[in-house]
Amino acid sequence: KILILDFGSQVTQLIARRVRELGVYCELHPYDMSEDAIRAFGAKGVILSGGPESTLEAGSPRAPEIVWQLGVPVLGICYGMQTMAMQLGGQVSPGSVKEFGYAEVRARGHSKLFDGIQDRAGEAGEGLLDVWMSHGDYVSRLPEGFSRIGSTHDLDYAAMADETRGYYAVQFHPEVTHTTQGKELYSRFVHAICGCGSAWTPHNIADDAIARVRQQVGDKKVLLGLSGGVDSSVVAALLHKAIGDQLTCVFVDNGLLRLHEGDAVMQMFAQNMGVKVIRADAEALFLERLAGVADPEAKRKIIGKTFIDVFEAEATKLKDVEFLAQGTIYPDVIESAGAKTGKAHVIKSHHNVGGLPAHMRMQLVEPLRELFKDEVRALGLELGLPREMVFRHPFPGPGLGVRILGEVSKPAADTLRRADHIFIEELRKAGWYDQTSQAFAVFLPVKSVGVTGDGRRYEPVIALRAVQTIDFMTAHWAHLPYELLDVCSRRIVNEVPGVSRVVYDISGKPPATIEWE
Ligand code: XMP
């Protein structure tokens with residue numbers, strides 16, 4: 001396995017994902033991880049990430065000295081290259097301008113890192129690589145024992161290596177897709193240089209997770225809050241495989257789910273897979289508590305609190321449950337660790353409904369804690385979950401509660417469900433579902449005038465929203481074909497009573513958020 005020390009770059013997570021995609025297990029830790037922990041980790045190689053600071057500033061981060069004593073290869077990226085140069089006796093200088101974006105790297109001499117990879121050949125047959133740069137400072141003198149293995153028009157030392165010690169460094173970012181040979185370059189490092197195999201596959205991940213769950217829980221009982229979303233569904237499938245009937249799921253139907261969603265969840269898990277699922281039909285309670293409340297945050301709080309009340313009430317009916325399973329995934333772990341140490345530069349305020357009620361004294365089972373979302377999906381497929389389920393768009397915890405603007409009511413929820421269902425059905429039919437990251441309908445309580453054969457109507461409006469995004473922090477509105485929008489609009493006004501106007505949301509994030517509330 002590979003250890004990645006994080007100096008705070010925005011793209012450090014991508015390094016971990018590239019390495020995992022290559023079938024190599026890796027973990028991401030803050031650069032000031034303790035020496036003991038680093039030794040105990042037992043890495044076959046270490047990667048030093050990029051970072052936002054300057055190595056020239058007093059007190060700026062350095063790699064722990066132990067890294068140079070482990071006797072394993074080290075790869076420095078951007079800031080990681082600069083701190084490597086500084087720590088091993090080279091020199092870094094401030095750039096007069098920041099270099100940002102495309103650059104062409106020319107391979108110099110032979111190195112194990114660039115061996116066999118190039119985008120094209122230069123005049124003398126040397127390899128040329130298209131890369132993505134983002135830095136201010138640069139390495140101006142190599143440390144003892146290093147040679148230059150790559151340069152660009154503006155940069156003498158775009159890449160350096162000390163092959164004897166197995167130290168490599170690049171000034172550019174191979175983890176971003178703009179660096180076309182990036183994945184190959186990581187493969188050279190983890191496979192050819194560090195000698196890692198490719199055992200991190202969905203099949204092995206499943207076997208390993210099942211074994212670990214069995215070991216952790218023994219013959220004890222486990223409770224899981226099943227939402228029908230990807231993460232909790234994969235946990236359910238995994239635990240069912242690992243411990244069968246020792247697992248009980250509680251599925252809370254809050255009345256704010258999509259059309260037929262509750263039935264679909266029961267069908268798939270209870271009927272088809274034989275998982276023990278308790279369905280708590282709590283629509284009435286949720287709607288009662290939401291009555292008269294229009295403020296989005298107040299609605300979120302009520303929905304979150306009511307969820308916990310219902311979940312707990314079901315849980316206390318069960319006897320002798322010692323474990324609570326959760327669908328925590330690796331980005332959540334990294335983000336909350338970063339939030340604690342103040343090192344995360346991207347912090348997403350994760351407003352998930354649910355969470356562990358403090359007084360429910362159970363031990364946690366979190367079998368997805370080490371997995372990225374794409375790994376969770378691959379694991380879901382491996383465990384036999386259907387593709388449509390595994391590649392579902394995310395759905396917020398408060399559900400339709402934040403898609404019915406203002407006060408929530410059952411008629412509004414029913415109208416929205418039907419409109420949303422038509423939109424999603426048409427997106428799937430047209431092959432657009434997988435090309436969008438999230439798509440849904442929104443119920444607008446404003447009334448608009450419409451006219452049908454027998455007269456004027458005065459009815460609420462349905463807005464459609466479809467976005468494309470990588471990380472949900474920023475998003476573009478999806479440029480859906482007019483024909484598709486046209487079919488959706490016609491079907492919604494014809495098939496959903498009480499709607500005579502449909503609009504399409506063409507706002508990006510920022511400034512607009514993805515949800516309307
Ligand atoms: P926004 O609307 O903030 O949404 O651009 C970003 C992503 O987060 C989801 N979202 C939520 N998820 N509880 C959740 O579990 C919430 O209260 C919530 N609000 C927004 C949203 O669906 C999108 O994927």
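**Entry 1: Glu175 and its surroundings**

I opened with E175, which has 26 C-beta neighbours inside 10 Å and so counts as buried. I kept in mind that this is a predicted model. I then looked up where E175 sits, and found it in the loop between β12 and α4. Setting aside residues within four places in sequence, I found E175 in contact with V11, L14, I15, R18 and G182.

**Entry 2: the active site in the record**

Next I checked the record. An unreviewed UniProt entry lists C78, H173 and E175 under "active site". These residues are spread over 98 residues of sequence, yet they cluster in space, with a largest C-alpha distance of 11.2 Å.

I turned to H173 and asked myself: is H173 buried or exposed? H173 is buried, because 23 other C-beta atoms lie within 10 Å and the cut-off for buried is 20 or more. I located H173 in the loop between β12 (167–170) and α4 (182–193). Not counting residues up to four places away in sequence, H173 touches V11, G50, I77, C78, W132, S134 and T179.

**Entry 3: the binding site in the record**

UniProt, again in an unreviewed entry, places a "binding site" at S227, G228, G229, V230, D231, S232 and S233. I picked two of these to look at.

G229 lies in the loop between β13 (221–225) and α6 (230–243). With 18 C-beta neighbours inside 10 Å, G229 counts as partly exposed. V230 lies in helix α6, and V230 counts as buried, with 23 C-beta neighbours inside 10 Å. Leaving aside neighbours within four places in sequence, I noted V230 in contact with V376, R377, G380, V390 and R392.

**Entry 4: around the ligand**

Which residues come nearest to the ligand? Of the 15 residues around the ligand, I found that P396, G397, T513, I514 and E515 do. Sorted by class, this shell holds seven nonpolar, five polar and three charged residues.

**Entry 5: a pair of helices**

Last, I followed helix α8 (residues 283–290) and helix α9 (residues 296–317), whose axes come within 10 Å and cross at roughly 145°. The crossing of α8 past α9 is right-handed. On the α8 side, the contact is made by L285, F286, R289 and L290, and on the α9 side by K299, I302, I303, T306 and V310. By class, I noted six nonpolar, one polar and two charged residues in this contact.

Technical notes. Residues are numbered from 1 along each chain as its sequence is written. This is a predicted model: local features need pLDDT of at least 70, side-chain atom pairs count only at pLDDT 80 or more; totals for chains, interfaces and linings use all residues. UniProt positions are given in the numbering used here, feature names are shortened, and annotations may be inferred rather than shown by experiment. Helices (H or I, at least four residues) and strands (E, at least two) are DSSP runs, numbered from the N terminus. A residue is buried if 20 or more other C-beta atoms lie within 10 Å of its own, exposed if 12 or fewer, and partly exposed in between; C-beta atoms are placed from the backbone. Two residues are in contact if their C-beta atoms, placed from the backbone, lie within 7 Å. A residue is near a molecule or strand if its C-beta atom, placed from the backbone, lies within 6 Å of it. Ala, Val, Leu, Ile, Met, Phe, Trp, Tyr, Cys and Pro count as nonpolar, Asp, Glu, Lys and Arg as charged, and the others, Gly among them, as polar. Axes are lines fitted to C-alpha atoms, for helices over the stretch in contact, and angles run from 0 to 180 degrees between N-to-C directions. A crossing is left-handed if the near helix is turned anticlockwise from the far one by less than a right angle, and right-handed if clockwise.
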